[in-house]
Structures are given as C-alpha cells and as structure tokens.
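Please look at the sequence and the structure below before reading on.

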Amino acid sequence: MKLYENVVIGNFLYGLGVSIGGRLKSGYLPAAVSLLQQTPEDKALGDILLDFPGTLRLIEFKAQGNHSKKELTRYRKLLPTIQDQQEMVSISRRIHWYVETAPSPFKGVEAFFSPYLDVFDTKKPSKQTFSLERFIESVADDAISSKNDVRDKQEKDYLKLVRWCQGVGETGAGALIVIVGSGGGLEFVALEDLMALNMSHQKWITYRQEKELKMEKELEMKLEREGSYGR
C-alpha cells in the first residue's frame, strides 16, 4: 500500500484540530494552520507552518522511499548559515521538524521524526520512531499551554533564513488566521503575506480593522466616481 504525503498531512491536521478542541476549556485561541504543500511557499519553507501564541512549528512530511533532493539541497544551504549561531540552532531544533511516514498494518501509519538539522547528518542518531498520535498531542499541548502573545523575533528571523537559503523571494502567498472560541465559535482573519503570521493577536485585530477601513474607503471612492459619471 502506498500512503501519499497529502493523506498523512490531512489526517495530521484533522487530528490536531480535534486534539486542540478537546483541550481548549475557556477563552479563545488565535492560530494559523498553513498547508503549504504544492504552493510557492512549499519550496520556500516546507509542507506545514503552524503558528499559535508562543508556539511555532515548521514541518516537512515525506513518504518513506521519497528520494526528492529538495530537502538535501535546503539542508546543505541552511546548516552552514546557522551552525555558528547557537541560539538559531536551538530554535531550529525546537520548531523545524522532518517527519517520514510509512503505512503500517498494525498502527495505520508508522512515523519517524527528526529535527530538520539532524536528518541528513551522518554523525547524529538516525530518525526516531514516534507515533503520529503522540506528535499531535505534543503540538496540541504546546499550543494550549503557551500563552505568550509575542512572537520571538529570532523565530521570525529563522523563517526568513530558511526562505533565503532556497533563493526564494516574496511569493505573494497569503494566510488565514482562525480564532477559535472555547464554545466552538470560529472567526477568520485574512493576511496578505504569510510572513505576517509573526504578528501578535492584538496586531492581527488592528491589521484586520485597517484592511476593513481601506476597503470601505475604496468602495466609497468607487461609488463617488460612478455617481459623477452618471451626472
């Protein structure tokens, strides 16, 4: 049986949503879950970018046996760039993950995990087996327990470095913020640029208000122009 990457990713995101929903007892949780696979940002960053208050994860999923050279190329550019910056290395190992999956007749899916910086390093231990369920629970726990509303500037800089290593500039890819209430209510906020995910929740609200005002002004100007043409 072949288990395609997008099938695993879809189930991972669904499982993460269920897991977070079960943990959110009160208040609200602003979050961005960006599926970047087969978008311009796939080459620039990876398959999934998860952004919660105080928790950022950049994850690359690969089906076992996928021999794409894209990841090795990115690794060879990224490692020399940050290897002498201990704080950047620490951030990378915390937020940037490589997940290799294979179908299993007993577990459904068998997953092998590694920090992205270690996956091609022959001096490091090989990828460790870690159930996908436990990985989902770990991310959900971090998302709920960390309430820091300020994105670490170094995390933002790290994402820029990953993009730079691929030689990719602005792609024009936008993003959606979903604000989830403990009662299950949803509210979406659109962002023009994926990298704006580094804003705090309060800044997201300000951003949305500014966008709405801009749209209202543009609509008013359009109506005024149409009215002048009709006279």
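In this predicted model, the largest nonpolar core holds 25 residues, and the members that touch the most others are F12, L16 and F61. At least two residues of this core are supplied by each of the helices α1 (5–23) and α5 (132–145) and by each of the strands β1 (28–35), β2 (48–52), β3 (55–63) and β5 (108–115). Helix α5 gives the largest share of the core, with seven residues.

What does F12 touch, when residues up to four places away in sequence are not counted? Its partners are I48, L50, I59, F61, L132, F135 and I136. Apart from this core there is a second, separate one of 22 residues, whose members include L49, I82, Y158 and V162.

F12 also takes part in a grouping of rings, for ring pairs link F12 with F61, W97, F113 and F135 into a cluster. In the whole structure, the search finds seven aromatic pairs.

Y158, one of the residues of the second core, is found in helix α6 (residues 153–165). Is Y158 buried or exposed? Its relative accessibility is 0%, and because buried means under 20%, Y158 counts as buried. When its neighbours within four places in sequence are left aside, Y158 is in contact with L78, I82, M88, I91, S92, I95 and H96.

Several of these names return in the packing of two helices, where α4 (residues 86–95) meets α6 at an angle of about 80°, with the two axes 10 Å apart. An angle of 65 to 115 degrees counts as roughly perpendicular, and therefore α4 is described as roughly perpendicular to α6. On the side of α4 the contact is made by E87, M88, I91, S92, R94 and I95, while α6 contributes Q154, E155, D157, Y158 and L161. Sorted by type, the residues of this contact are five nonpolar, two polar and four charged.

At 34% relative accessibility S138 counts as partly exposed, whereas I144, at 17%, counts as buried. Not counting residues up to four places away in sequence, I144 touches I20, R23, L24 and L29.

| Pair | Apart along the chain | C-alpha to C-alpha |
|---|---|---|
| Y158 and H96 | 62 residues | 9.6 Å |
| S138 and S19 | 119 residues | 9.8 Å |
| I144 and L24 | 120 residues | 6.9 Å |

For the protein chain as a whole, among the contacts with a separation of 6 or more, 59% are accounted for by residues 24 or more positions apart. The chain has seven helices and eight strands, and of its 231 residues, 43% count as buried.

Conventions. Residues are numbered from 1 along each chain as its sequence is written. This is a predicted model: local features need pLDDT of at least 70, side-chain atom pairs count only at pLDDT 80 or more; totals for chains, interfaces and linings use all residues. Side-chain values use heavy atoms; hydrogens and water are left out. A nonpolar core is a set of buried Ala, Val, Leu, Ile, Met, Phe, Trp, Tyr and Cys residues joined through side-chain atoms within 4.5 Å. Buried means under 20% relative accessible area, exposed over 50%, partly exposed in between (1.4 Å probe, protein chains only). Helices (H or I, at least four residues) and strands (E, at least two) are DSSP runs, numbered from the N terminus. Contact means heavy atoms within 4.5 Å. Rings of Phe, Tyr and Trp (its six-membered ring) pair if their centres lie within 6.5 Å; planes under 30 degrees apart count as stacked, over 60 as edge-to-face and the rest as tilted. Axes are lines fitted to C-alpha atoms, for helices over the stretch in contact, and angles run from 0 to 180 degrees between N-to-C directions. Angles under 35 degrees count as roughly parallel, over 145 as roughly antiparallel, 65 to 115 as roughly perpendicular and the rest as oblique. Ala, Val, Leu, Ile, Met, Phe, Trp, Tyr, Cys and Pro count as nonpolar, Asp, Glu, Lys and Arg as charged, and the others, Gly among them, as polar.
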